[in-house]
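The entries follow the order in which I looked things up.

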Amino acid sequence: MNISAIRDIKDWPWLVLLPVIGFVLIGIFAPAIMPYDPSAQDYSATLEGMSWNHWLGTDYLGRDVFSRIVGGARISLVAMVIVLVAALAIGVTIGSFAGYVGGRVELVLISIIDIALALPSLVIALALIGILGTGYWSMITALTLAWWANYARMSRAVVTAELQQPYIEAARVMGAGHLWIFVRHILPHVLALVVVYASADAGALVLAIATLSFLGLGVAPPTPEWGQMLVDGMSYIEEVPRLVVLPGLALTLVVVSFNLLGEAFALQKVPRPVRGATLRRRRKARAREEAERNAVETGTTSA
Amino acid sequence: MSDAQPIYSIEDLVIDLYATTVSVRAVDGVSFNVRPGETVAVVGESGSGKTVMTLGPLGLLPEGVTVDMKGSARADGSELLSIGSRQLSDLRGRYFGVIFQDPMSALNPMLKIGPQLARQARRFAGLSQEAARKEAVSLLARSGIPDPEDRYNRYPHEMSGGMLQRAMIALALAARPRVLIADEPTTALDATVQAQILELIRQIQREDGIAVVLITHDIGVVASVADRVIVLYAGQVAEEGTAMDVLTRPVHPYTRGLLASVPDFRADERAATREIPGLPPNQIRLEPGCRFAERCELVEAGCRQHRPPLQTISASTSPHRVACPVVLKREGIAVHV
Amino acid sequence: MSDVAAIEVRGLKVHFPNRSGVGAVRAVDGINLTVARGAFHGIVGESGCGKTTLARTIVGLQKESEGTVLIGGRDRAEWLKSDRKSFSREVQFVFQDPLGSMSRRQSVYQTLEEPLQIHRFGSSVERRRRIAELLDLVALPATVLDRLPRSLSGGQRQRVSIARALALKPSILVCDEPLSALDVSIRAQIVNLFTSLQKQLGLTIVIVAHDLAIVREVCSDVTVMYLGRISEAGLTRPLFREPAHPYSQALLSAVPSPDPRIEAGRRRIILAGDPPSPSAPPPGCRFNTRCPVAIDVCRVEEPMLRSVPHGGVAACHLADSGRRPVI
């Protein structure tokens with residue numbers, strides 16, 4: 001599928017977004033869907049094949065693979081949403097503040113943002129986990145701190161551009177205060193752009209969560225998590241490749257379809273007046289390719 | 001001068017513009033011509049089709065617009081609508097000089113002013129390198145640019161708005177054109193600079209005897225330089241004739257409204273500025289009948305059914321024509337057949 | 001209260017730092033101006049003369065470098081600092097570009113409601129009623145309320161922006177070239193709107209314009225600016241009839257009449273060259289580099305404003321209450 005050839009939202013192959021919808025629904029209703037407790041071990045039924053009892057079989061501890069994949073979706077979804085919301089909140093606040101206040105404060109904040117952007121987010125996350133120690137919440141914290149800077153920079157750019165619009169002066173003449181101007185006029189522009197990018201980042205974030213867990217730095221073992229499942233499955237890759245292939249497949253589907261969603265948004269929604277929209281779309285496309293490559297690589301490590 | 005043959009003439013021109021989703025009939029059956037030594041003003045508000053009509057046949061419309069032209073546009077013995085793009089571009093270079101509202105749309109910001117002029121003079125007037133350089137300096141001087149030798153080596157960004165406008169006029173004259181087309185040449189300029197530029201155009205015309213087509217919405221500019229006037233409304237000719245006829249004895253209700261809405265601070269009686277109610281029509285919907293009917297005080301039932309014919313009310317080499325049978329009948333103005 | 005001027009500008013200077021960091025652009029360079037209550041005051045001049053900066057400084061969109069602006073006798077800088085909202089109920093501004101001055105995301109209704117919300121005007125029902133009144137005032141149909149600014153015509157946009165400025169019932173309206181973005185026939189509609197609004201609401205209006213014919217049509221008083229200074233000021237009619245300053249004479253002469261009979265016989269004053277840069281005004285009279293009647297003293301000494309025959313003032317060495325130079 002040649003993505004760059006698609007220029008109009010109407011031409012978009014909506015079907016490829018099914019995994020996103022499926023992922024979100026499964027994540028929300030996981031407790032109702034899971035036939036077994038995903039952490040419950042059953043030594044009488046280890047490494048079983050697919051059957052009516054265990055649709056996707058069991059792993060080396062006799063845990064139901066289907067339940068673990070569904071549970072993993074929930075873990076990934078929840079973690080991703082927490083990180084995105086937190087990163088957006090921090091990024092939009094800091095970026096908008098910098099852009100609105102201007103002057104020396106802006107310079108200082110910009111330098112911090114630039115430094116944060118200069119380092120790859122996964123590296124930052126790894127370093128932070130090194131400091132915070134491993135665990136679910138330190139993974140969330142680490143990813144949030146690794147992710148906010150992008151949104152901060154975008155927010156600042158939008159705020160700076162909007163502040164120069166004459167209608168901001170018009171609002172000021174009407175007696176509007178700074179808070180009014182920011183909330184009523186500037187924030188909607190910021191959110192419109194940032195949320196689009198966040199939707200494209202969701203896939204990368206799911207992947208990062210899996211990567212950290214795969215490295216043993218994220219979600220701790222008994223909890224079902226796709227990266228965790230990949231690690232567990234590695235030892236049995238010869239006998240039961242399904243244990244690696246299934247979580248890998250779930251991960252790849254979710255990541256790819258989130259990226260397509262982001263692309264669809266970008267085609268339609270990215271507001272034109274904001275400078276370098278094309279440039280950013282290209283950068284985004286490159287990032288997407290990279291994410292896909294990563295996804296495939298994660299798959300190959302395990303396959 | 002008035003009995004000379006036209007050197008640029010348009011017959012029954014129809015221009016449809018296509019953008020991505022809509023098509024617009026920008027020019028709807030317009031004829032006009034211009035003779036050597038004459039200044040014809042094409043007057044209309046934005047959206048009247050005045051620029052499309054004049055620059056369309058020359059292939060000078062904005063990029064990204066697809067154009068469909070019917071009718072005829074003749075210059076220098078060629079039919080502009082059917083000749084190849086190469087010949088058209090050659091004709092455009094040597095026969096027509098064009099002045100735009102924004103000088104930067106004609107001048108290359110990366111090149112010095114002088115060499116741009118010299119290149120034009122070499123290419124179209126066939127001058128040698130040295131002669132072209134001299135010509136460029138003299139063009140700059142003629143266009144009222146002080147210290148032309150120095151300006152020859154200046155870049156566009158080093159000059160003021162008025163000076164750039166002069167440089168563009170010099171550029172338009174470099175190929176020694178027969179027809180000078182000026183598209184809102186003074187709209188962006190201040191009053192005192194506008195006066196300078198209009199004086200310059202008058203002077204060039206006196207000296208070279210070229211034909212000038214002036215596209216404008218400024219009635220004052222028309223009154224000060226035009227011999228003949230064509231008033232366009234929504235792509236059709238409302239009224240045409242000598243500047244004296246049209247501006248002092250306007251007949252068409254639109255022309256009258258337009259003139260009444262222009263205040264004149266020299267006329268001493270204080271007639272309150274009248275206004276034409278409403279807005280120009282949306283040309284996306286093509287309807288039969290008079291385009292001005294929606295805003296017209298004299299509108300009758302027939303106005304909305306048939307397109308009013310352009311009727312001659314005073315015959316001469318520059319006849320006064322009006323596309324409004326209603327006003328002619330009401331005021332008992334005789335029509336020449 | 002009635003004898004307090006609506007606007008009084010004293011010794012106003014507004015300088016902008018040059019891009020190179022050396023020197024400053026002296027956009028407004030020493031202006032005294034009094035606008036009486038109920039006046040329709042025109043400020044004219046060519047681009048770069050500082051007229052827009054002056055208007056923006058009056059309403060506080062631009063900080064003054066020196067001098068003061070008094071609105072109804074109250075110091076504008078103080079007023080804005082202590083009570084921005086009550087200031088904005090007194091003075092409103094109409095922008096040159098109506099489209100840019102409205103948020104492209106807000107419908108006409110939201111645009112008109114915004115000032116009412118900022119000032120906590122009534123309930124939503126009362127606001128709706130006030131918006132309907134405003135539409136009547138500027139002669140717009142209620143059908144525009146749901147539309148976005150982009151889908152309005154130029155004239156409608158300017159009407160909306162005027163309606164918004166009137167929402168808070170200000171007594172002073174400052175307008176920055178409100179007509180220059182409009183077509184000729186639409187311009188006349190908006191001019192007539194301004195005059196009828198002024199009569200109806202008793203507004204004090206300051207209008208920045210470069211169209212002299214319109215200024216003569218509507219303004220009671222006029223101020224002519226050149227390079228950041230006032231070159232001439234007075235009542236519109238007498239000043240236009242016998243302008244005392246050579247610059248005003250040239251400026252008035254530069255505007256062509258729409259009547260070809262007048263045009264054919266009219267003597268035009270064509271000034272040489274362009275106005276000098278406002279960051280380096282010439283010594284002496286600022287107009288001396290282009291003035292056809294300049295004498296030696298003009299190149300050395302800056303002329304003060306003095307009374308001239310038409311009853312106003314002009315800054316020209318050759319003019320005083322008994323005579324005026326004619327070029």
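The entries below treat the backbone angles and then the sheet.

**Entry 1. Basis.** I note at the outset that the model is predicted.

**Entry 2. Positive phi in chain B.** I looked up B:A234 and found a positive phi of about 50 degrees, although the residue is not a glycine. I then located B:A234 in the loop that links strand 9 (228-233) to strand 10 (236-242) of chain B. Is B:A234 buried or exposed? I count B:A234 as buried, because 23 C-beta neighbours lie inside 10 Å and the cut-off for burial is 20 or more.

**Entry 3. Positive phi in chain C.** I turned to C:R120, which is not a glycine and has a positive phi near 50 degrees. I placed C:R120 in the loop between helix 4 (108-118) and helix 5 (124-137) of chain C. With 7 other C-beta atoms within 10 Å, C:R120 is exposed, since the limit for that class is 12 or fewer.

**Entry 4. Sheet in chain B.** I traced an open sheet of 4 strands in chain B, in the order 2-1-4-5 and with antiparallel pairing. Which strands stand at the edges? They are strand 2 (23-34) and strand 5 (78-79) of chain B; each has a single partner strand, so one side of each lacks a neighbour in the sheet.

**Entry 5. Strands 4 and 5.** I examined the contact of strand 4 (residues 66-75) with strand 5 of chain B, and found that 2 bridges join these antiparallel strands. For B:R74, I recorded B:E79 as the bridge partner in strand 5 of chain B.

How values were computed: Residues are numbered from 1 along each chain as its sequence is written. Chains are lettered from A and ligands numbered from 1 in the order in which they are written. This is a predicted model: local features need pLDDT of at least 70, side-chain atom pairs count only at pLDDT 80 or more; totals for chains, interfaces and linings use all residues. Two strands pair if DSSP finds at least two bridges between them.
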